[in-house]
Amino acid sequence: MRPEKHQPHDEAILECVGIERRFGGVVAVTGVDLAINPGEIFGLVGPNGSGKTTITNAISGFYPPNKGVVRIAGKDVTGVAPHKVAKLGVARTFQNLALFNGMSVLDNVLLGRHIHMHPGVLPTALYWWMARREEIANRMIVEEVIEFLQLESVRNELVDGLPIGLKKRVELARALVSEPRMLILDEPMAGMNQEEKGYMARFILDARAERGISVLLIEHHMDVIVGICDRMLALNYGEMIAGGIPREVVKDPRVIEAYIGGAHG
Amino acid sequence: MFYRLSGVYHTNYISDSRIYKVPADRNLALALLVLGVAAPFIAPSLYVNSYMLPWLIWTSAALGLNLVTGWAGQLHLGYAAVMAVGAYSAIHAARFGVPWEFALIIGGLSASVIGSLFAFAALRAKGLYLALTTLAMQFIMDWVLTHSPAISGGSHASLQAPTLKLLGQEITSDTGLYYVALAWCLLVTIFMLNLKRTGLGRALVAVREKDYAAAILGVHSFYYKIVAFAMSSFIGGVSGALLVATFFFLAAPEQFSVAVSIQALAMVIVGGLGSIIGSYFGVALILLVPGLVNGVVVTASEQLGMQINVETLAHIPNAVYGALIVIILLIEPLGLGKLYGNIRDYLMVWPFDQLRK
């Protein structure tokens, strides 16, 4: 069974067509197509080194694809610099946490509002007249997300010392406050226990329900993928091996083989 | 000492985004400000003008360097060169007949332009490579100053600064000069305090900590690094100009040599990267401690009736102050600012923290 080819259509919020990315002689991903509809939670799975993170890096502009096209809401963003992709409404979290140490949780989350603010030298010098109103207005939006993710109690603490579950939540908060249309979560539940995983899954579902965000979710926890994703795509060695409804994809012999090996033997 | 956080509630975001959230901190800052303003009337003018004035101006300069090194995380080994650009352009402008107010701004702007133009090229390198590139800027500036009589008057010459004149007033009195320095230092300090609570400051720290994570939030690292260099060079340029206008009264190339750059960096590192109060402490240590140690050694040797030859006497302060820097950085790698912060945090809850033990 060939994975279902997603035809380019106008309503897709994120669309990748024939993505290929090489690092020297290593082909990290090749011929990957995916399309995510508005309000959809889309799972991307695959064993380590199968190219999941390379795809997110191709989308967010860190490693522009060598071949293929990335479109966000119909706009071609192939090879556009990361800070410009952010302005188009794409937010992401990182596999191994990328919080800003030495800053409080609040400041970290406030940075998520960067694209909606107008920071500059003059507003800083004339804070009371030029910056305060904007800072307070954005603070209120940030506080809503802090409440949503239940981070009130650690608001003023430095992120350096937080446990990993909270750090992941702060990173999600930082991504959410930028009011993205497309949220890319790179293993948000890595290293979490069952309870924390449950919380995180609920936050993702709530974010979709309340904000209408589309989510590209990379995860190794198949229970989560089956539980909350509308559709999914499985990769192995940088190629698509199966796509569609999660409950069916996880039963696909090729997916089982890729993950635990020897399903046909 | 006092449970100073007790009863402090912020009920809206405006009050929660104040510079000093704790009243005790605000009162301390106000008390220090009053002391700073009253200094010419309570301290001998020799102390005010030969210690406090350079301390204030160097603090402004150190804060500028702290902006680029502490906030934006870019090691800068050519800060004295930037100060020299500011000083020489301001003095030439003033000698040309430009009012001093504008001459100072011209000094700041030309330093800013040269500093950021240079950064535009240098920022293609990162970390230690950038540090070396900024060092190159220092050497280029040294060479330009000593080899172009049009700017500096020649390698061993010095350039007389015209009398400082602000808002139509000639400033010649010791008190007046001190107040100019105090005002500039206050302006820079307020700017830096605001930087701690605005999007610009957050963006700079983001660039310092993780530029890829900053990029994904829409922060253009290169742009903010350039902005950091431009701002820091402006502050450095004006500070350099004021240093000459209120303290040295004439500009010479060796006032802005590579040794001065290293000294400025030492001030920032000993004080604490990213710490405002730390810059005050760091400058005090680097600038004032050698003289202080010298005084102590001389008095002690007289009291004990020891004969110390001049050469030893000259080296003792340097050794002591070198040792002090090492000791401070061993105790607290984040510098004097962090050390102060630790003491403050401890006193904040003392004696109530004893109850738990």
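The following conversation goes through a predicted model and asks what lies behind some of the terms used for its parts.

Visitor: Why is Gln354(B) called exposed?

Guide: A residue counts as exposed if 12 or fewer other C-beta atoms lie within 10 Å of its own, and because Gln354(B) has 8 C-beta neighbours inside 10 Å, Gln354(B) falls in that class. Gln354(B) is found in the segment after α15 of chain B, and its C-alpha atom is separated by 50 Å from that of Val82(B), 272 residues apart along the chain.

Visitor: What makes α12(B) roughly parallel to α15(B)?

Guide: Helix α12 (residues 258-271) and helix α15 (residues 335-349) of chain B pack at an angle of about 20°, with their axes 3 Å apart. Angles under 35 degrees count as roughly parallel, and therefore α12(B) is described as roughly parallel to α15(B). On the side of α12(B) the contact is made by Ile269(B), Val270(B) and Gly271(B), and on the side of α15(B) by Gly335(B), Leu336(B) and Gly337(B).

Visitor: How do you know how many residues of that contact of α12(B) with α15(B) are polar?

Guide: Gly counts among the polar residues, whereas Val, Leu and Ile count as nonpolar, and by these classes the contact of α12(B) with α15(B) has 3 nonpolar, 3 polar and no charged residues.

Visitor: Why is α9(B) said to be largely enclosed by the rest of the structure?

Guide: A residue is buried if 20 or more other C-beta atoms lie within 10 Å of its own, and 10 of the 11 residues of α9(B) are buried, so α9(B) is largely enclosed by the rest of the structure.

Visitor: Which helix supplies the largest share of the side of chain B that touches chain A?

Guide: In this interface 26 residues of chain B are in contact with 33 residues of chain A, and the largest share of the chain B side, 8 residues, comes from α9(B). By class, that side of chain B has 16 nonpolar, 7 polar and 3 charged residues.

Visitor: What makes β3(A) mostly covered?

Guide: By the cut-off of 20 or more other C-beta atoms within 10 Å, 5 of the 5 residues of β3(A) are buried. Ile41(A), Gly43(A) and Val45(A) lie on one side and Phe42(A) and Leu44(A) on the other, and both faces are covered.

Visitor: How do you know which strands pair with β3(A)?

Guide: Two strands pair if there are at least two bridges between them. Strand β3 (residues 41-45) and strand β9 (residues 231-236) of chain A pair in the parallel sense over 4 bridges, and 4 bridges also join β3(A) to strand β8 (residues 214-218) of chain A, again running parallel. Leu44(A) stands opposite Leu233(A) in β9(A) and has Ile218(A) as its bridge partner in β8(A), while Val45(A) has Ala234(A) as its bridge partner in β9(A).

Visitor: Why are β6 and β10 of chain A called edge strands?

Guide: The open sheet has 6 strands in the order β6-β7-β8-β3-β9-β10 (chain A), with mixed pairing. Within this sheet β6 (90-92) and β10 (239-244) each pair on one side only, and they are the edge strands. From one strand to the next, the twist averages 15°.

Methods. Residues numbered from 1 in each chain as written. Chains lettered and ligands numbered in written order. Predicted model: local features only at pLDDT ≥ 70, side-chain atom pairs only at ≥ 80, totals over all residues. Helix = DSSP H or I, 4+ residues; strand = E, 2+ residues; numbered from the N terminus. Axes fitted to C-alpha atoms, helices over the stretch in contact; angles between N-to-C directions. Contact = placed C-beta atoms within 7 Å. Parallel < 35°, antiparallel > 145°, perpendicular 65-115°, else oblique.
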